[in-house]
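I have kept to geometry and spelled out each cut-off once.

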Amino acid sequence: NNTPGSTLSYPKVQTFTAHPDDFGVIQELEAFDRGIVVYHTTLDDSGNKSNYRLTLLDPEDYSKTQSVIQFPADVSLVTPNSNTSQDQTHLNICVHSYTKPMKQLSIPFSKFGISRGRLISRGRYEMITDTAPSGETNVPITIIAKEDSLTEATPCLFITYGCYGENLSYSWETLPRELLDRNWKVVLCHVRGGGELGRGWYLQGVGSEKEKSVLDTLNCIKHVQSLKLTTPSTSTLHASSSGALIAARAAQSVPGIVSKLVLRFPFLDLHTAMSDPSLPLSSEEKEEWGYRSEDGGLGLGLLDLRGVISRSKVFITVAGKDRRAPSWHAANYINSIMNDDKVFVNFLEDVDHTGFEEEADAVETNFLLDDKSKNPGLWHRLKENIFSK
């Protein structure tokens, strides 16, 4: 009110402090007239991630909870969905699951506390959660499979990342369902360096602690194999972007722990990338990997992927227009592998770092399901495109 003689009035301002003991790991916050909605996963007494929750805080006092929605265990992520008005009467969300297609819900704030489990129908896959001992901690793992394959020994695709504090977020839409339908298991390794258990979990796997991301990946694989759910000869390790360096280092550290290594748009040549400050990832990677320019590296061995005698078949998808992980990352890594008859390359010439995921999924699946998919011409084509320039 700015009329002459009037007194200016200001809206009520509250400070909201989120404590891990109250909310666990917060993914999103949204503010409405009816309160603040906190999207979060809780942590159990052991510090492991539990079910996904939405908590509605009182608009008059953010320290008070109005109501809570707890989702079933197979819900992998809950995200906002076009909430455009602060005074809207419904909360619109997308519920992503490991075991069934994504579902869009519109929840009246007046019925916020009603359980949503009944709205999520039974899916065609099942999941279990477990932890793998790794040094001084336990690493959460998520195992997805068809019900009749969940406790049997079957081929297994392990997926790891462990970088930048990002969650290893997969759902029904992004899982390799063709593998699952053929009685494979998919195991998500929520290793240190990721964000599944909060910032402390990330900091345990960053900089000089980066080797723990590799250790956790190896121990997740060993744990599942020790449960007789798969074997080294039927195990595949998959990673994308910067996670590829974690996966490549893990496969190199324990030769034969997996029979196949699948790397998509891989960031593999850390030393060369750090030597060129014009590359998009250079400054970001220095903090992530603990890179020291004065001595040219980490001193942890993560840089040195050279001279590998690969006991695993290696399949690499390379994007020709990728500036974040240029194709020479893959080329230098492949050149360092002494028996490159085990290396297969899918070169997507007109693709950048985030494109053509569905095509990459299809070709990787063909490789995993059919060993006869070898195409030596792909590697020669990659060499021609990189080294002829």
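1. Leu237 is buried at a relative accessible area of 0%, where buried means under 20%, exposed over 50% and partly exposed in between (1.4 Å probe, protein chains only). This residue sits in strand S12; helices (H or I, at least four residues) and strands (E, at least two) are DSSP runs, numbered from the N terminus. Leaving out residues up to four places away in sequence, Leu237 touches Phe158, Thr160, Thr217, Ile221, Ala247, Ala250, Val258, Lys260, Leu261 and Val262, a contact being heavy atoms within 4.5 Å. For Leu237 and Ala247, 10 residues apart along the chain, the C-alpha atoms are separated by 6.9 Å.

2. A word on the ground rules. This is a predicted model, in which local features need pLDDT of at least 70 and side-chain atom pairs count only at pLDDT 80 or more, while totals for chains, interfaces and linings use all residues. Residues are numbered from 1 along each chain as its sequence is written, and side-chain values use heavy atoms, with hydrogens and water left out.

3. Next, the largest pocket, with a volume of about 870 Å³. Of the 31 residues lining this pocket, Leu168, Ser169, Tyr170, Ser240 and Glu357 are the closest to its centre. On a 1 Å grid over the protein atoms alone, a pocket is an open set of points where a 1.4 Å probe fits, with protein on both sides within 12 Å along at least five of seven lines, and lining residues have an atom within 4 Å of a point. Grid points are joined across faces, edges and corners, and the volume is the space filled by probe spheres set on the points.

4. Which elements each supply at least two residues of that lining? They are strand S10 (156-159), strand S12 (235-240) and helix H9 (357-369). H9 gives the most, with five residues.

5. On to charge pairs: the structure holds nine salt bridges, each a side-chain nitrogen of Lys or Arg within 4 Å of a carboxyl oxygen of Asp or Glu. One of them joins Lys100 to Asp74, with the closest N and O atoms 2.2 Å apart. That pair links distant parts of the chain, 26 residues apart: Lys100 is in the loop between strands S6 (90-97) and S7 (103-108), and Asp74 in the loop between strands S4 (65-70) and S5 (75-80). Lys100 is buried at 7%, and Asp74 is buried at 13%.

6. Asp216 and Arg192 also meet in a salt bridge (2.8 Å, N to O). Asp216 lies in helix H4 (residues 211-226) and Arg192 in the loop between strand S11 (185-189) and helix H3 (199-203), 24 residues apart. Asp216 is buried, with a relative accessible area of 0%, and Arg192 is buried, also with 0%. Both belong to a network of salt bridges that links Glu136, Arg192, Glu209, Lys212 and Asp216.

7. Nine bridges join S8 (residues 126-134) to S9 (residues 137-145), and the strands run antiparallel; two strands pair if DSSP finds at least two bridges between them. Glu126 has Ala145 in S9 as its bridge partner.
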